[in-house]
Every structure is written in structure tokens, then in C-alpha cells.
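Please go through the model below by way of questions and answers, beginning with the terms that strand pairing rests on and then turning to the chain itself.

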Amino acid sequence: YVRAARSGTADAPITFSAYPGETVQLTVVEGGQPAMGTDGHDYIRFIGFIVDGGLGRFYGTGIEVAYNDVRGTFVDTPDNHDGIRIENAVGIWVHHNMIHGVTGQGVNSAGIKVYTSSDAVIEDNYIYGNNVGVYDKDSGINNTYRRNYITGNEEYQWYGNNQGEYASPKIYDNVIDGEVSLHSRTNGAEVHDNLIRGNMLAGAWAGDTWNTHLWNNVVISGGAQVTAYREPRNPFTTTEPNPHLRYMDFNVYDAPPMYRFGEYSSNPSTFNLGQMQGRGFELSSQVATGVYVDQVSYVLNESWRTAGRYGDAVGPDDVATILDLTRYGPSAR
């Protein structure tokens, strides 16, 4: 278990790094310690390793985990099993990692899992082939997820808080091949400027979500209908402003969107786009085709190439290059 015995400082962090030009591969013994981590020490960096079996647990202030290839394994357990686990961390920076193959018996096998951490920045990672891509599980405050490519994870791509205090994730400029599942217990979640390739934009699965903001996303479903938002426990309320879905606008869908509220309540309701607009949401959202030249490169057609810079709703500013894999993971170094 590689770890620092003391803290670094913001100006002089302690760095563990693969020697330039060399490949360093660490293998976790089955049932043993993780490869690397921190024990509450601050300002430690872990840069450029190949790790078979999961990287480790990181907690402290000012930690950086970057340019690693994290190769997970199957563990026959429903308990926590993660490629990178962030716990009790403040201001951790996790970027340009490739995290794949973390599988087990359910949602607790995640590429990245976040517990009771704040001000984390998780960006430019390529996360695929796990049970869950990212799981912000417990009391995450102001954690940012941006410019990640999250695809091909078996159960959920991005999965939200279900315990502890309310979480407030900021999720933007990602390519996500599936919905943003807020799960439950969020307050002030922001989901914007993402390219979503699936039949749902975002929503809760267990309810108890408050003040959700959704805007300027592009949803490519390839289907006949899109579920734009789902809030299962709370019926739509006429209270102004709506306490659960606070703001939703400037989204683009390739099929007619529907909005579902209170499925587990005594007063369920489903609305279409026009009905939501009549309630003050999605006023500038639209169903559109021809946003992209093709659905391989995702280069924008000419009429859409301002890409949100002037208020037009087309998703990420750099959507024309967002699927260039050289920008994600260790290869971007």
C-alpha cells in the first residue's frame, strides 16, 4: 500500500509518479490492500501508473490523482468495490484517468465512488465497463463532474446520493451514454451542457430531490420518445417556484420528451413538452433533427456551430471534438 507518511503543502506537494518514459504497473493481490492511497494527509499526488485491481482510497485536502490506467476486476460482493474511492476529501482533483472493469454484484461496484467529500473536481476521465461509472454516494457538497466520457457501464453511468446529508453535484460538459440518475437526497443539483446518448436526460429514482436545475443538454435517443425528467415520489406542484424541479430549459431532444412525476404517489402525472411549457418550464427547449453532421464524429452542422456561445441551446461548447478519445484518460498527457 503506497502512501505518504506525512502531508505536503499546496506549494510543495508530495508526488508519486511513474518515471518519465517508463511504464510502472502495480497489481493488487486478491483480497489485499489497495495499491495506493492516503491516510488523511494533504497535498499528495499520484501520477501516471497502471494499476490492476483498483487504485485506492483517497482522503485529505488538495490530493491529485491523474493519468492513471485503473483496471478493475470482478469481486463477488454487493459491498463497496471501487476503482478510485474518494472519502472525506476536500478539493481533490481526479483527472485524465481511464477506469474500467470494476464489476461485482450491484451498484456498489463503481469506477469512481465519492463519500462525504466537498469541492471535488472530477474531469477528463474515460470511465467504462464498470457496474456503475460514477457514484456520488454520500453527502457530496459542490462536487464537479465535467468533460468526462462515461459509457458502457452496466447499471448506471452517473448515480447519485442516497444517504447522509443532501448532495449538490454540478454535472456539465460530459458525454454520458445513459441518464444522469440523481437517485435521491440532492438539493441544488445542476445538469447542463451535456451530450446524453440514451432515452432519458435526468431524474430521481427514490425521490427526495430538491431545487434541480437542468439546461442546455442535447439528448440523442434514437427512439420514439425521451423521458426528459423523472421524479417518482413527488407529484408536480403548482407552488411557484417548483420546489423540486426549480429550472429546466434550453434542452434539445431528438424525439418528443415526456416528464413524469409522482409515480409512487397517489397523484401521478405525465406531461408532454407543450404541457410543461404551459407550466413555465422548457420554454426554449425543442425537438430537433440535423444538429450533427453524423452520430459518429458529432461534428455540428453549420447552423448549430455557435454551440451555446450566444444563448442557442445545443449542449457542450466543444461538442464537435468531445468524442476525440485523445482528450480523455492517460493518453491526453
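Two strands pair if DSSP finds at least two bridges between them. The model discussed here is predicted.

Q: Which residue of β15 is the bridge partner of Ile-112?
A: β12 is also joined to strand β15, residues 132–138, through five bridges, and these strands run parallel. Within β15, the bridge partner of Ile-112 is Val-134.

Q: How many of the residues of β12 are buried?
A: A residue counts as buried when its relative accessible area is under 20%. β12 is largely enclosed by the rest of the structure, because its buried residues number seven of the seven.

Q: How many residues are in the largest nonpolar core?
A: Ile-84, Ile-86, Ile-112, Val-180, Met-248 and Tyr-259 are the members that touch the most other members of this core. Its largest share, three residues, comes from strand β27, residues 226–231. Apart from it lies another core of 17 residues, among them Met-98, Tyr-149, Leu-195 and Val-291. The count for the largest nonpolar core is 53 residues.

Q: Is Ser-117 buried or exposed?
A: Ser-117 is found in the loop between β12 (109–115) and β13 (121–123). Leaving aside residues up to four places away in sequence, Ser-117 touches a set of residues including Ile-86, Glu-87, Asp-138 and Asn-143. Its relative accessibility is 2%, and because the limit lies at 20%, Ser-117 counts as buried.

Q: Which residue has the backbone nitrogen that the side chain of Ser-117 reaches?
A: Ala-89, Ser-139 and Asn-88 are among the residues that Ser-117 touches, not counting those up to four places away in sequence. The side chain of Ser-117 reaches a backbone nitrogen at 3.2 Å, and that nitrogen belongs to Asn-88.

Q: Which are the edge strands of the open sheet of 11 strands?
A: This open sheet has parallel pairing and the order β2-β5-β8-β11-β14-β17-β20-β23-β26-β29-β32. Two bridges join strand β29, residues 252–253, to β32, and the two run parallel, with Tyr-253 opposite Val-287 in β32. The edge strands, each of which pairs on one side only, are β2 (25–27) and β32 (286–287).

Q: By what angle are neighbouring strands of the open sheet of 10 strands turned against each other on average?
A: The order of this sheet, with parallel pairing, is β1-β4-β7-β10-β13-β16-β19-β22-β25-β28, and its edge strands are β1 (14–17) and β28 (245–249). Strands β4 (residues 44–47) and β7 (residues 64–66) pair in the parallel sense over three bridges, and Ile-47 stands opposite Ala-66 in β7.

Q: What is the radius of gyration of the chain?
A: The secondary structure of the chain comes to one helix and 32 strands. For 333 residues the globule rule gives 20 Å, and the chain comes close to this, so it is as compact as a globular protein of that length. The C-alpha trace spans about 60 × 45 × 40 Å along its principal axes, and the radius of gyration is 20 Å.

Notes: Residues are numbered from 1 along each chain as its sequence is written. This is a predicted model: local features need pLDDT of at least 70, side-chain atom pairs count only at pLDDT 80 or more; totals for chains, interfaces and linings use all residues. Side-chain values use heavy atoms; hydrogens and water are left out. Helices (H or I, at least four residues) and strands (E, at least two) are DSSP runs, numbered from the N terminus. Buried means under 20% relative accessible area, exposed over 50%, partly exposed in between (1.4 Å probe, protein chains only). A polar contact is a pair of N or O atoms within 3.5 Å; within protein, one must be able to donate a hydrogen and the other to accept it, and residues adjacent in sequence count only if both atoms are side-chain atoms. Contact means heavy atoms within 4.5 Å. A nonpolar core is a set of buried Ala, Val, Leu, Ile, Met, Phe, Trp, Tyr and Cys residues joined through side-chain atoms within 4.5 Å. The radius of gyration is taken over C-alpha atoms; the globule rule is 2.2 Å times the number of residues to the power 0.38.
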